[in-house]
Amino acid sequence: MSRARADEEEYWHSSKFRAFTFDDEDDELSQLKESKRAVNSLRDIVDDDDDDDLERVSWSGEPVGSISWSIKETASSSTSSLEGRDSGLQKGSSSYAAFPKQVSSYSLSSLFKGRNKLPSFQSLSDALSDTGVKNYAPELRRPKAEYKDYSSDWSPKDTVRRMQRGKVCSLERFRSLQDKLVLLDEAVAGHDGNVITAVLIFLKRTLRREILFRELEVRQVALCHLIHFLKEAGEQKLLLDLLRFLDRTEEVALSQYREHLNIQDVEKRREFLKGCIGLPFSAEDTSHIQDHYTLLERQIIIEANDRHLETAGQSEIFRKYPRKASILNMPLVTTLFYSCFYHYTEAEGTFSSPTNLKKTFKIPDKQYVLTALAARAKLRAWDDVDALFTTKTWLGYTKKKAPIGFHRVVEILQRNSAPVQVLQEYVRLVEDVETRLNLATKYKCHDVVIETYKDLKDRIQLTAYKCKVERGSAEEEKINSILNNMQIRWKN
């Protein structure tokens with residue numbers, strides 16, 4: 001009994017209200033502040049960059065942070081904001097489970113922050129001024145022009161401009177023939193070969209050949225681009241069909257002739273070239289095809305014979321100078337050089353004779369002399385070189401004549417390390433005096449220089465040149481003898 005009385009007295013003397021002091025704070029306000037601090041502390045933990053790649057959805061299946069979700073959340077929070085606030089204050093808890101109930105805290109700033117991590121008690125001004133929060137605004141407010149790459153609503157002209165800037169553009173939206181032709185015309189008007197080729201590849205893939213060829217026939221720029229592309233890509237069948245449609249018979253023949261480059265077997269290539277002779281070439285091209293076939297036929301014969309001689313060791317020149325490569329499929333000039341090197345003395349009736357090659361393929365004299373001179377000089381066969389330029393006059397006298405000019409003969413001989421005696425003989429034959437002196441001085445042909453200055457009666461130059469020869473040499477004695485000759489009338 002006494003205990004119950006004591007409890008009753010304690011109840012009447014106690015109070016849940018305290019006296020006001022400046023150190024105390026309102027309980028409800030303190031709870032809100034504690035909740036705010038808890039949220040801010042959790043934001044640093046939860047706001048991880050790795051979560052940016054995850055898309056959060058609400059119970060209704062809509063992505064959290066999208067505009068539709070924001071509108072529904074704002075509408076629903078307006079009706080339950082008072083209930084949520086009262087229930088939150090009565091619970092007086094700052095735990096994480098209580099936060100999703102406070103949907104009224106979703107402010108306008110959350111629309112500009114994209115996916116909302118956790119509710120916050122920040123105001124609109126705090127949210128806009130908070131630079132530490134990542135801004136996902138481009139996902140919601142992307143410029144309209146950027147969506148054109150995905151919505152495919154640009155015009156042919158805009159498509160060409162984007163392709164010129166290097167942007168990836170899908171051309172599949174251009175389905176009608178009219179749209180495709182407008183796109184091609186815009187590409188041609190842009191004067192960008194890469195864009196024109198890209199559009200032509202699209203048309204080649206989406207149009208029938210007859211339609212494509214018919215439309216390109218009146219668009220010569222695009223036609224040239226397509227022909228070049230087909231040649232580079234090696235689409236020989238489509239190229240031939242296009243040329244036949246355009247009635248370009250000579251180009252068709254040339255395209256077929258180029259296929260011999262892909263044939264490695266010599267016998268098959270020879271048969272292919274034989275079949276190309278009957279193609280509709282021009283008269284000049286037909287002769288070239290005939291020469292090509294004849295040359296390959298000669299090379300096959302020469303190669304088989306020389307391989308046998310080289311293997312058997314029956315020829316001295318093959319033992320002394322072994323062959324470094326096969327003669328098959330070599331140009332005409334290379335074949336001529338080979339014949340002048342290994343078969344120079346053969347009779348004209350043989351296939352490997354240089355004179356036979358010259359006559360068969362109508363090689364000009366200049367070309368023949370240059371090739372033969374290089375081959376015989378490499379072998380240091382100076383007698384053959386001399387015979388190459390020696391001719392007989394109608395009176396029976398011998399005379400040296402070079403269709404390429406003796407100054408070029410001297411240069412070729414010097415490159416092949418010809419002796420000075422051989423060089424001097426051909427330097428003397430150079431007609432131009434200044435060129436002769438330059439060559440003689442350059443290659444140290446002293447006798448030619450001394451004789452030239454003597455013929456020019458130039459005492460000063462001859463005296464100056466005396467200082468360039470060795471003292472006590474035969475050249476110095478020759479200069480002194482000429483300077484002491486009183487019968488010469490010097491010009492200076």
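Is Arg 219 buried or exposed? In this predicted model, Arg 219 counts as buried, with 18% relative accessibility (buried means under 20% relative accessible area, exposed over 50% and partly exposed in between, using a 1.4 Å probe and protein chains only). Local features here need pLDDT of at least 70 and side-chain atom pairs count only at pLDDT 80 or more, while totals for chains, interfaces and linings use all residues. Residues are numbered from 1 along each chain as its sequence is written, and side-chain values use heavy atoms, with hydrogens and water left out.

Searching the whole structure turns up 21 salt bridges (a side-chain nitrogen of Lys or Arg within 4 Å of a carboxyl oxygen of Asp or Glu). One of them pairs Arg 219 with Asp 185, with 2.8 Å between the closest N and O atoms. Arg 219 sits in the loop between helix 10 (209–216) and helix 11 (220–233) and Asp 185 in helix 8 (residues 177–189), so this contact ties together parts that are 34 residues apart in sequence. Helices here are DSSP runs of H or I, at least four residues, numbered from the N terminus. Asp 185 itself is partly exposed, at 36% relative accessibility.

Then there is the pair Glu 271 and Arg 270, whose closest N and O atoms are 3.2 Å apart. Glu 271 is partly exposed at 43%, whereas Arg 270 is buried at 17%.

Asp 384 and Arg 376 also meet through their side chains, at 2.8 Å from N to O. Arg 376 is buried, at 10% relative accessibility, and Asp 384 is partly exposed at 21%. As for networks, salt bridges with shared partners link Asp 185, Arg 214, Glu 215 and Arg 219 into one.

Note on methods: Helix = DSSP H or I, 4+ residues; strand = E, 2+ residues; numbered from the N terminus.
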